[in-house]
Amino acid sequence: MKITHVISDTNIGGAGILLSAITSELKDEFDFEIILPKGSRLIERLPCAGIKITEADMAPDNSFYLPDIRRLTRYFRSTSPDIVHTHAALSPRIAARLAGVEVCLSTRHCAKPPEGVKRLNFMQRNIYNWSTDITVSTADFATQNLIKEGKSSRRIITIRNGVRINPNQDTGSGIDIFEQLKIPRNSRLVGSVARLERIKGQDLIIRAAAKIVKDFDDVYFLFIGDGSCAEEYKHLSARLGLGERVIFTGYVSDPGIYQRHFYLNVNASRGTETSCLAISECMGLGIPTVASDFGGNTEMIEHLVNGLIFRSDDTFDIERCIRSVLISRELYSRLSKGAERIYRERYTADRMISEYRRLYRRAAALAREHRLPDFSTHNIHTRSRRI
């Protein structure tokens with residue numbers, strides 16, 4: 001069974017990391033190919049052995065681009081995949097359908113606030129239903145987005161992201177993190193792993209940090225990632241007089257080297273968040289998270305169980321939550337145990353891979369039968385290809 005994944009990302013984000021995990025774990029059962037734009041940084045994270053990687057002349061970071069449809073249609077006709085699985089990109093699914101690919105999947109990795117969800121018009125809805133047999137959602141919140149857009153719940157399946165964690169694993173980097181960061185070895189790191197973009201809310205963390213560091217001599221804030229707001233946030237940190245108490249690492253190929261030393265993880269997202277891999281990774285390490293109440297964050301974090309939830313875009317509330325965890329050792333211990341427990345119950349790589357294995361096996365059977373699944377009733381419906 002040949003499965004071709006197409007992703008248009010040029011940077012390494014949650015979608016790319018998830019794709020790498022799925023293909024590397026299932027490559028012995030399925031014949032995978034991954035298509036991505038030329039020059040994409042994501043190629044650094046993709047598995048090499050046993051998986052074909054194709055760098056294509058396609059529009060980067062773009063869902064729909066007409067020339068891509070023509071090029072990919074020709075390519076799919078020549079390679080004849082059984083299943084095409086795209087990551088938000090529409091052009092490859094249209095191309096796959098034009099090329100006669102039996103089953104087309106799409107994964108929704110992001111979410112919009114309810115007021116930002118617009119119902120698809122008649123033509124958009126028909127094109128989507130014609131080109132997309134199954135949509136994989138990574139959180140219930142994203143599933144609700146899809147349904148509000150007018151997409152059929154019968155053709156949506158929710159598979160939450162999972163990660164593989166070994167808390168005792170030696171990263172083998174040989175790096176002394178505290179020496180590298182030039183901070184005392186007994187420091188408590190409050191960390192954030194995300195692209196430096198307005199939508200990720202790091203400015204809220206910086207403003208909270210400006211007040212917190214005045215009362216906690218051992219606390220340092222660490223931002224892992226790069227993005228269009230990097231210089232803006234560095235200037236904000238300097239303007240607030242944070243100096244060495246806030247550290248920006250820039251792009252890091254393996255954030256886990258730093259995450260293992262976090263005392264507390266913070267996710268301040270204002271949007272897009274569904275099933276955040278950084279939260280899952282920290283949970284697996286027994287690290288509590290302070291998270292905004294946007295999107296899938298409230299599905300992952302149970303307030304006072306494995307972390308704390310603050311009101312999105314509320315600087316006072318995020319400061320209050322971070323302080324609570326820093327002050328109370330008893331609270332920290334309780335949240336840490338809760339984080340490990342919820343990780344084992346819901347967010348392991350084994351659970352996620354098992355669900356994708358079932359999905360691909362079912363999609364393969366449906367491809368042979370020229371039929372589509374119904375995820376609400378488990379009935380089978382004949383496909384209509386008319387727009």
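Helix axes here are lines fitted to C-alpha atoms over the stretch in contact, and angles run from 0 to 180 degrees between N-to-C directions. Helices themselves are DSSP runs (H or I, at least four residues), numbered from the N terminus. Everything below comes from a predicted model, where local features need pLDDT of at least 70, side-chain atom pairs count only at pLDDT 80 or more, and totals for chains, interfaces and linings use all residues. Residues are numbered from 1 along each chain as its sequence is written, and side-chain values use heavy atoms, with hydrogens and water left out.

**View A. H10 packs against H13.**
Helix H10 (residues 277–284) and helix H13 (residues 329–346) pack at about 115°, and their axes sit 7 Å apart. That makes the pair roughly perpendicular, a label that covers 65 to 115 degrees. The crossing is left-handed, meaning the near helix is turned anticlockwise from the far one by less than a right angle. On the H10 side, look for Ser280, Met283 and Gly284; they meet Ala339, Glu340, Ile342 and Tyr343 of H13, with contact meaning heavy atoms within 4.5 Å. Sorted by class, this H10–H13 contact has four nonpolar, two polar and one charged residues. For the classes, Ala, Val, Leu, Ile, Met, Phe, Trp, Tyr, Cys and Pro count as nonpolar, Asp, Glu, Lys and Arg as charged, and the others, Gly among them, as polar.

**View B. H7 meets H8.**
The axes of helix H7 (residues 202–212) and helix H8 (residues 230–239) come within 10 Å and cross at roughly 15°. H7 is therefore roughly parallel to H8 (angles under 35 degrees). Their crossing is right-handed, the clockwise case. Gln202, Asp203, Ile206 and Arg207 in H7 touch Tyr233, Leu236, Ser237 and Arg239 in H8. The tally for H7 with H8 is three nonpolar, two polar and three charged residues.

**View C. H1 packs with H14.**
Helix H1 (residues 14–26) and helix H14 (residues 349–369) have axes 10 Å apart, at an angle of about 70°. So H1 and H14 are roughly perpendicular to each other. From H1, Leu18, Ala21, Ile22, Glu25 and Leu26 meet Met352, Ile353, Tyr356, Arg357 and Tyr360 in H14. The contact of H1 with H14 has eight nonpolar, no polar and two charged residues.

**View D. The structure's one cavity of 30 Å³ or more.**
A cavity is a set of points on a 1 Å grid over the protein atoms alone where a 1.4 Å probe fits but cannot get out. Grid points are joined across faces, edges and corners, and the volume is the space filled by probe spheres set on the points. The largest cavity holds about 40 Å³. Its lining residues (an atom within 4 Å of a point) are Tyr128, Asn129, Thr132, Asp133, Thr135, Lys151, Ser152, Arg155 and Ile156. By class, the lining has two nonpolar, four polar and three charged residues.

Technical notes:
1 Å grid on protein atoms, 1.4 Å probe; cavity = no way out; pocket = protein on both sides within 12 Å on 5 of 7 lines; lining within 4 Å. Helix = DSSP H or I, 4+ residues; strand = E, 2+ residues; numbered from the N terminus. Parallel < 35°, antiparallel > 145°, perpendicular 65-115°, else oblique.
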